[in-house]
Amino acid sequence: MPEPILYGYWRSSAAYRVRIALNLKGITATAAPVDLRQGEQRGQAYRAMAPAGLVPMWEEPGFRLGQSLAIIAYLDERYPDPPLLPQDPRLRAACREIAYTIACDIHPLGNLRVLEKLGADLGADGAAKTAWAAGWITAGFDAIEARLAETAGAHAIGDRVTLADICLVPQTYNARRFEVDLSPYPRIVAADAAARALAPFAAAAPEHQPGSG
Ligand SMILES: N[C@@H](CCC(=O)N[C@@H](CS)C(=O)NCC(=O)O)C(=O)O
């Protein structure tokens, strides 16, 4: 059986989530870089496989799947050890709340195609785009910081890494890219640092991916 393929991009925070999940579970996949800066995601060849024109995309014999959270949920069901959600139903829900705040409320508004459209349609320059993305990150981080006051231990939810950390680390990476002042978010900063100190997170970091820089 050929190795599965993860189509991604070194700086894609959605692909970064999947890389972390793969590393936590010890699953090996071939990395297939899709150069977002060159618009490869919009080219015919990639769109024939991934009609959404976005990374990440997971491919294994007979099956392709987009959407990072769907890919991670699939991997968690196929390879349940270690589990990526807490056992307790309320903590599971809180974990998903953090993940969805990032994946549904923050990330799409700072995505490349949205920032490009702000420039093309509304004339936004680089500084305006950065301020736009930072504003939405701040709005989401306000909510997550409040949640972490209730749930955080060594990690975002208690003392084990979960889906919340898988989403939080790449989003905090993006927050730094968009020059967000993280001083109002000490719990997010602590959870990010604690997770990044672990080998599965460190190996998934953008700077360690092919084509980075
Ligand atoms: N909700 C999707 C988002 C995927 C997504 O937006 N990926 C970005 C990179 S982080 C992308 O491919 N952007 C290309 C573009 O905007 O043209 C997921 O979680 O997989």
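User: Let's start with a single residue. Leaving aside its neighbours within four places in sequence, which residues is M49 in contact with?

Analyst: Happy to start there! Once the neighbours within four places in sequence are set aside, M49 is in contact with M57 and R64. Do keep in mind that this is a predicted model. M49 itself is found in helix 2, residues 44-49. M49 and R64 are 15 residues apart along the chain, and their C-alpha atoms are separated by 7.8 Å.

User: Now for a whole helix. Which residues of helix 3 are buried, and which are exposed on the other side?

Analyst: An α-helix has 3.6 residues a turn, so residues three or four places apart point the same way. In helix 3, the buried residues are S68, L69, I71, I72 and L75. They cover an arc of only 160° around the axis, which puts them on the same side of helix 3. On the other side, A70, E77 and R78 are exposed.

User: What covers the buried residues of helix 3?

Analyst: The cover includes helix 1, helix 4 (89-106) and helix 7, together with strand 3 (57-60) and strand 4 (63-66).

User: Let me try the reading on helix 8. Which of its residues are buried, and what covers them?

Analyst: Helix 8 spans residues 186-196, and its buried residues are I188, A191, D192 and A195. They cover an arc of only 100° around the axis, which puts them on the same side of helix 8. Their cover includes helix 6 (126-151), helix 7 (163-177) and helix 9 (199-204). The face turned away from the buried side carries the exposed residues P186 and A193.

User: Moving up a level, how is the chain divided into domains, and how many residues of each are in contact with the other?

Analyst: The domain assignment gives domain 1 (5-82) and domain 2 (89-200). Their centres, taken over C-alpha atoms, are separated by 20 Å. Twelve residues of domain 1 are in contact with 14 residues of domain 2. On the domain 1 side, helix 1 and helix 3 are the elements that give two or more residues. The largest share of that side, eight residues, comes from helix 1. By class, that side has eight nonpolar, three polar and one charged residues.

User: Which residues of the largest nonpolar core touch the most other members?

Analyst: That core has 53 residues, and those touching the most other members are A21, I72, I98, A99, A164, C167 and L168. Helix 1 supplies the largest share, eight residues. The core also draws at least three residues from each of domain 1 and domain 2.

User: Last topic, the backbone. Which peptide bonds are cis?

Analyst: Here omega is the angle to look at. The bond from V55 to P56 is cis, with omega near 5°, and P56 sits in the loop between helix 2 and strand 3. Another cis bond joins D81 and P82, with omega about -5°; P82 is found in the loop between helix 3 and helix 4.

User: And what is phi for Q67 and for E179?

Analyst: Q67 has phi near 70°, a positive value in a residue other than glycine. Q67 lies in the loop between strand 4 and helix 3 and counts as partly exposed, with 17 C-beta neighbours inside 10 Å. E179 has a positive phi of about 60°, although it is not a glycine. E179 is in the loop between helix 7 and helix 8. With 13 C-beta neighbours inside 10 Å, E179 counts as partly exposed.

Technical notes. Residues numbered from 1 in each chain as written. Predicted model: local features only at pLDDT ≥ 70, side-chain atom pairs only at ≥ 80, totals over all residues. Buried ≥ 20, exposed ≤ 12 C-beta atoms within 10 Å, placed from the backbone. Helix = DSSP H or I, 4+ residues; strand = E, 2+ residues; numbered from the N terminus. Arc of directions from axis to C-beta. Contact = placed C-beta atoms within 7 Å. Core = buried A, V, L, I, M, F, W, Y, C linked by C-beta atoms within 7 Å. Domains from an automatic or database assignment. Nonpolar A, V, L, I, M, F, W, Y, C, P; charged D, E, K, R; others polar.
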